[in-house]
Amino acid sequence: MHIEEIIENLIGIGSWTYKSTVEFLPEFDQNLFHSINNQTSQGSGLTEKQSLLVEKILRRHLPQISAYFGKDM
């Protein structure tokens, strides 16, 4: 699974979203993920700083993300 797909599913717009809401992500992180999704859906890639920030956020919530997807991430 690509980071873009993880983000789409965590913000509830993925083609195979697991649940309607992700309660473990703070509003700031959700807003950031929406912004990044808008950027990538328009064909732009992530900057190095954005990539590092997304990785940091995902690692911070790794146990919850694994539980959300039902598999070890």
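How many helices and strands does the protein have?

## Overall architecture

The protein has 4 helices and 0 strands, and its elements run α-α-α-α from the N terminus on. Helices (H or I, at least four residues) and strands (E, at least two) are DSSP runs, numbered from the N terminus. The model is predicted, so local features need pLDDT of at least 70 and side-chain atom pairs count only at pLDDT 80 or more, whereas totals for chains, interfaces and linings use all residues. Residues are numbered from 1 along each chain as its sequence is written, and side-chain values use heavy atoms, with hydrogens and water left out.

Of the 73 residues in the protein, 29% are buried; buried means under 20% relative accessible area, exposed over 50%, and partly exposed in between (1.4 Å probe, protein chains only). Among contacts between residues at least 6 apart in sequence, 59% join residues at least 24 apart. Contact here means heavy atoms within 4.5 Å.

## Helix α1 and its buried face

The buried residues of α1 are Ile-6, Ile-7, Asn-9 and Leu-10. Seen down the axis of α1, these residues fall within an arc of 165 degrees, so they line one face of the helix. The arc is that of the directions from the helix axis to the C-beta atoms. The buried residues of α1 pack against α2, α3 (48-60) and α4. Gly-12, which follows α1, has a positive phi, near 85 degrees.

Glu-8 also belongs to helix α1 and counts as partly exposed, at 28% relative accessibility. Glu-8 and Asn-37 are 29 residues apart in sequence, while their C-alpha atoms are 6.8 Å apart in space. Asn-37 is found in helix α2 and is buried, with a relative accessible area of 9%. Leaving aside residues up to four places away in sequence, Asn-37 touches Ile-7, Glu-8, Ile-11 and Ile-13.

## The aromatic cluster

Which residues form one aromatic cluster? Phe-24, Tyr-68 and Phe-69 do. Rings of Phe, Tyr and Trp (its six-membered ring) pair if their centres lie within 6.5 Å; planes under 30 degrees apart count as stacked, over 60 as edge-to-face and the rest as tilted. By this rule the count comes to 2 aromatic pairs. The rings of Phe-24 and Tyr-68 have centres 6.4 Å apart and planes at 70 degrees, so this pair is edge-to-face. The pair links distant parts of the chain, 44 residues apart: Phe-24 lies in the loop between α1 (3-10) and α2 (27-41), and Tyr-68 lies in helix α4 (residues 62-69).

Tyr-68 is buried, with a relative accessible area of 5%. The rings of Tyr-68 and Phe-69 have centres 5.0 Å apart and planes at 85 degrees, so this pair is edge-to-face. Phe-69 is buried, as is Tyr-68.

## Packing of α3 against α4

Helices α3 and α4 pack at an angle of about 75 degrees, with their axes 5 Å apart. That makes α3 roughly perpendicular to α4. Axes are lines fitted to C-alpha atoms, for helices over the stretch in contact, and angles run from 0 to 180 degrees between N-to-C directions. Angles under 35 degrees count as roughly parallel, over 145 as roughly antiparallel, 65 to 115 as roughly perpendicular and the rest as oblique.

The contact between these helices is made by Leu-58, Arg-59 and Arg-60 of α3 and by Leu-62, Pro-63, Gln-64 and Ile-65 of α4. Its residues divide into 4 nonpolar, 1 polar and 2 charged. In this scheme Ala, Val, Leu, Ile, Met, Phe, Trp, Tyr, Cys and Pro count as nonpolar, Asp, Glu, Lys and Arg as charged, and the others, Gly among them, as polar.

## Two loop residues

Is His-61 buried or exposed? His-61 is placed in the loop between α3 and α4 and counts as buried, at 7% relative accessibility. Not counting residues up to four places away in sequence, His-61 touches Phe-24, Leu-25, Pro-26 and Asp-29.

Gly-45 has its place in the loop between α2 and α3 and counts as exposed, at 52% relative accessibility. With residues up to four places away in sequence again left out, Gly-45 touches Gln-39 and Gln-50. Gly-45 and Glu-4 are 41 residues apart in sequence and 10.0 Å apart in space, C-alpha to C-alpha.
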